[in-house]
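Morning, everyone. I have one structure to show today, and I will go through it piece by piece.

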Amino acid sequence: MAKERIRIFDTTLRDGEQSPGCSMNVQEKLRMAHQLDRLGVDVIEAGFPIASEGDFEAVQAIAAVVRRPVVAGLARACPGDIQRAWQALKGAAHPRIHVFLATSDIHLKHKLRISRQQCLAQAEEAVRLAKSLCDDVEFSPEDATRTDPEFLLQVLAAVVAAGATTLNIPDTVGYTTPEEFGELIRAVGRVPGIEKVTISAHCHNDLGMAVANSLAAVAAGARQVECTINGIGERAGNASLEEVVMAMRVRPDRHPCDTAVISEQLYPASQLLSEITGIAVQPNKAITGRNAFAHEAGIHQDGVLKNPLTYEIMTPKSVGVPDSTLVLGKHSGRHALSLRCEQLGYRFDRRELDELYRRFVVLADRVKHVKDYQLLELVREDGMTCQRIPPASAETVPMALAAAAGNSHGQPYPKRFPLPLSTDFQPAQLSLNSMAAHPGDQEDYLWGV
Ligand code: KIV
Ligand code: ZN
């Protein structure tokens, strides 16, 4: 079955930037925009030009130098905003004005203090003005999922007639559910003139359903998804770009569609955003979190060592993560422990390994994650009788340890050597690259328990 092409509209630099602590200056936005370009997104929403001088400059600068994707700027449905957006965007190779106006009664009554009739007229006029400046006009009825559907469709029909080329349906407050949102998108698909228009989904994550809702929208006919790197955005955030993209890549049987995103650039994009904003990615974040490809439980480690497919549904490399990691903690098994020892230059027979493992578990109970220097101290403590072997790869032995052990130039390991006390609180992590040849059997599985 031919895959439908879904356009990725990245709003990290606009909706994402609106989340507390995430604001970016012009240079930072430019750096991020270049990475989004490398990532292959279709549209970069670069900012809200009327919001500040800095945001205007950022949109203008991105429009001038990032030439492949569409560059969009946000505007409220009023002439000042739309003209300002156009001033910032007009140098772009592919500019888009994104006009929004709330349509729910709750917003009309309490925020805008206008009637439905006024709202309808304002939306239409705004889109007409935007269209007079720019061919590519997106319209968003803010709070669409809490808007009376009949009124929503009336507004959408009016803005299509006024020249909108994308209708974006925002779940502004993260209130909808996949089934309900799918129904709404199907209804939008019946708006007169919709054949010339792209339907888009813009989901917030207040109930943790932003990605599920976006995928439901795609199944119902949306062909653009608005999302952000690391899922940053107002309150609980926007749909996470990396999750939307990888759901389609990993489950084409359920989502017969694809994007132009270069998935190997996902992790670099996530890391760059964290570096710029200073906001770390939560460790258990899907796709790009530190633990997304880390395994601590012995059974899992044993399985992954034998074949990563046992516990990984995508390869770390496919999303730009350098490698899977095995974290040595109290849930780890002998298989991972013996492998790490080998990488550090020690091989044990079964009886010795049992003894080391017993003491390792006691230590892991206390320190949570056993680091290399602690493991080496355990080995040293009892002057265990083990076979010394060259480490598996230079990369897997921290330089400080290698130097302390006197082996950085291939010298034999001394019987005992002083080990530096590490101030580095990273857990010991094992690279799977060097593990492929490790023998495993059913017994290893039982060891892992
Ligand atoms: O969430 C929202 O409604 C928005 C619009 C401006 C598209 O971000
Ligand atoms: Zn939003």
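A residue is taken to be near a molecule if its C-beta atom, placed from the backbone, lies within 6 Å of it. Please keep in mind that this is a predicted model.

With that cut-off, which residues are around ligand 1? They are Asp15, Phe100, Ser140, Glu142, Asn168, Pro170, Thr172, His202 and His204. Two elements give two or more residues to this shell, namely strand 6, residues 137-142, and strand 7, residues 166-171. Sorted by class, the shell has 5 polar, 2 charged and 2 nonpolar residues.

Now the protein in general. Its secondary structure comes to 16 helices and 15 strands. Of the 449 residues, 49% are buried. If you take contacts between residues at least 6 apart in sequence, 74% of them join residues at least 24 apart.

Start with helix 8, residues 210-219. After helix 8 comes Gly221, with a positive phi near 120°.

Helix 3, residues 79-89, has buried residues too: Asp81, Ile82, Ala85, Ala88 and Leu89. Why are they on the same side of helix 3? Because they cover an arc of only 125° around the axis. Among the elements covering the buried residues of helix 3 are helix 2, strand 4, strand 5 and helix 5.

Last, a pair of helices. Two packed helices are described by the angle between their axes and the distance between the axes. For helix 12, residues 334-344, and helix 14, residues 372-381, the axes come within 11 Å and cross at roughly 90°. Helix 12 and helix 14 are therefore roughly perpendicular to each other. On the helix 12 side the contact is made by Arg340, Cys341 and Leu344, and on the helix 14 side by Asp372, Leu375, Leu376 and Val379. By class, this contact has 5 nonpolar and 2 charged residues, and no polar ones.

That is the end of my part.

Terms used. Residues numbered from 1 in each chain as written. Chains lettered and ligands numbered in written order. Predicted model: local features only at pLDDT ≥ 70, side-chain atom pairs only at ≥ 80, totals over all residues. Helix = DSSP H or I, 4+ residues; strand = E, 2+ residues; numbered from the N terminus. Nonpolar A, V, L, I, M, F, W, Y, C, P; charged D, E, K, R; others polar. Buried ≥ 20, exposed ≤ 12 C-beta atoms within 10 Å, placed from the backbone. Contact = placed C-beta atoms within 7 Å. Axes fitted to C-alpha atoms, helices over the stretch in contact; angles between N-to-C directions. Parallel < 35°, antiparallel > 145°, perpendicular 65-115°, else oblique. Arc of directions from axis to C-beta.
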